[in-house]
Amino acid sequence: MKNILVTGASGFIGSNYLNHILDERDDYNIINLDKLTYAGNLENLKQSENKKNYHFVKGDICNGELVDYLFQKFNIKYVINFAAESHVDRSILGSKVFYETNVIGTNVLLETARRREVEKFLQVSTDEVYGSLGTEGLFTEETPISPNSPYSSSKAAADMMVQAFHHTYGMPVVTTRCSNNYGPFQFPEKLIPLVILNSLSGKKLPVYGDGMNVRDWIYVIDHNKAIDLVFEKGRVGEVYNIGASNEMPNIQIIKLILQYLKKSEDLIEYVKDRPGHDRRYAIDSSKIQNELGWKPEFSFEQAIEHTIEWYLENKQWWQRIISGDYLKYYNLQYNKR
Ligand code: NAD
Ligand code: TYD
């Protein structure tokens with residue numbers, strides 16, 4: 001049995017990871033430590049919550065005492081760190097909690113993991129640490145770290161710390177840097193779910209700047225399969241870029257969603273640009289492809305349709321987010337246990 005502390009697994013990517021991995025690997029015993037911020041939603045994990053090899057703990061990765069207690073109680077030998085404040089716009093409005101969770105929280109996990117002699121520590125990072133590209137070129141693992149937003153700078157600081165713990169203490173760390181994800185359970189503040197839900201309710205679709213900023217989109221299941229592979233087979237001390245070579249300007253995605261939902265382009269509203277808005281992200285994922293044999297399995301056309309359909313079929317899930325009722329699920333399910 002592998003006792004794995006998975007942090008932030010009630011959020012978008014972590015919950016998709018758990019819902020798949022618990023079925024596939026019965027040798028994993030997973031402890032999900034999640035603070036349940038606005039982005040943490042236990043309803044994402046309904047299909048997993050009663051599994052014997054799954055445990056939920058509500059708590060903060062910055063709480064050293066709690067983290068140490070969990071390492072001891074569950075004899076943790078592996079860590080996958082998804083927990084983060086993850087939304088760029090929020091980081092522009094207020095950066096403190098980004099540095100607390102993304103930097104200090106990662107430090108608490110690393111220090112505890114070092115003391116408790118973990119066998120692998122996987123840091124889930126982002127391509128945003130590389131900064132912004134012009135019209136040419138791709139991010140490779142050798143691209144210098146050059147973050148531009150409070151969010152990306154906090155993730156970059158964590159990445160540097162993870163590398164330093166490997167270099168200084170020989171800690172068995174691996175880092176993944178993935179491009180923009182989409183799929184089921186994504187919180188509707190991010191571009192794709194926001195556009196789907198606003199279109200369905202006839203609300204305006206805010207397009208920042210000229211709508212020509214480019215992101216490199218990957219389906220969340222492909223990202224999680226790559227994480228699983230890096231966790232099992234990635235070489236310690238290494239960084240692996242993850243991306244599906246699917247660059248698209250924002251306005252193109254917005255029009256595609258409108259077309260699929262048969263809604264009018266009149267909903268599009270160009271608004272003031274995001275301050276410091278990175279122009280283009282694009283990932284070269286040849287290292288993970290050549291070294292570990294990973295490749296994306298879903299085409300964008302197939303997975304975006306699946307994603308839109310998922311939001312159409314799971315109205316209750318997002319209506320409970322909009323009403324705030326999802327925040328009550330913890331009290332209903334766990335407080336009485
Ligand atoms: P998310 O915002 O949906 O979820 C974050 C989760 O972390 C939530 O469940 C939240 O409650 C939890 N959390 C926040 N602060 C915490 C704390 N102090 N202690 C414990 N738990 C805490 O984020 P996501 O989109 O699922 O991203 C997960 C990870 O993947 C992040 O590290 C992010 O930087 C990285 N990433 C995201 C993307 C993307 O497109 N979403 C792309 C590349 C990398
Ligand atoms: P987002 O989903 O916030 O991800 P990130 O900023 O981490 O890439 O935004 C994706 C792109 O969409 C980004 O270029 C900003 C843009 N955007 C809009 O134009 N309007 C919006 O309402 C949002 C949320 C994002």
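The legends below describe close-up views of a predicted model.

**View 1. The largest nonpolar core and its most connected members.** This core has 70 residues. Tyr17, Leu18, Ile30 and Ile80 touch the most other members. Nonpolar side chains tend to be buried together in soluble globular proteins.

**View 2. Surroundings of Tyr17.** Neighbours within four places in sequence are left aside here. The remaining contacts of Tyr17 are Val6, Tyr28, Ile30, Ile80, Phe82, Asn224 and Ile227.

**View 3. The shell around ligand 1.** Around ligand 1 there are 28 residues, of which Ile13, Asp34, Ser86, Tyr151 and Lys155 come nearest. By class, the shell has 11 nonpolar, 13 polar and 4 charged residues. At least two shell residues come from each of helix H1 (12-24), strand E5 (120-126), helix H5 (150-169) and strand E7 (180-182). E5 supplies the largest share, 3 residues.

**View 4. Polar contacts to oxygen atoms of ligand 1.** A polar side-chain atom of Ser86 is 2.6 Å from an oxygen atom of the ligand. Backbone atoms also take part: a polar one of Asn181 lies 2.9 Å from an oxygen atom of ligand 1, and a backbone N or O atom of Phe12 is 3.1 Å from an oxygen atom of ligand 1. On its own, ligand 1 has 830 Å² of accessible area, and the protein covers 97% of this.

Conventions: Residues numbered from 1 in each chain as written. Chains lettered and ligands numbered in written order. Predicted model: local features only at pLDDT ≥ 70, side-chain atom pairs only at ≥ 80, totals over all residues. Heavy atoms only, no water. Core = buried A, V, L, I, M, F, W, Y, C linked by side-chain atoms within 4.5 Å. Buried < 20%, exposed > 50% of the residue type's maximum accessible area, 1.4 Å probe, protein only. Contact = heavy atoms within 4.5 Å. Near = heavy atom within 4 Å. Polar contact = N/O pair within 3.5 Å; in protein donor to acceptor, adjacent residues only side chain to side chain. Areas by Shrake-Rupley, 256 points an atom, 1.4 Å probe, with all protein chains shown as cover. Helix = DSSP H or I, 4+ residues; strand = E, 2+ residues; numbered from the N terminus. Nonpolar A, V, L, I, M, F, W, Y, C, P; charged D, E, K, R; others polar.
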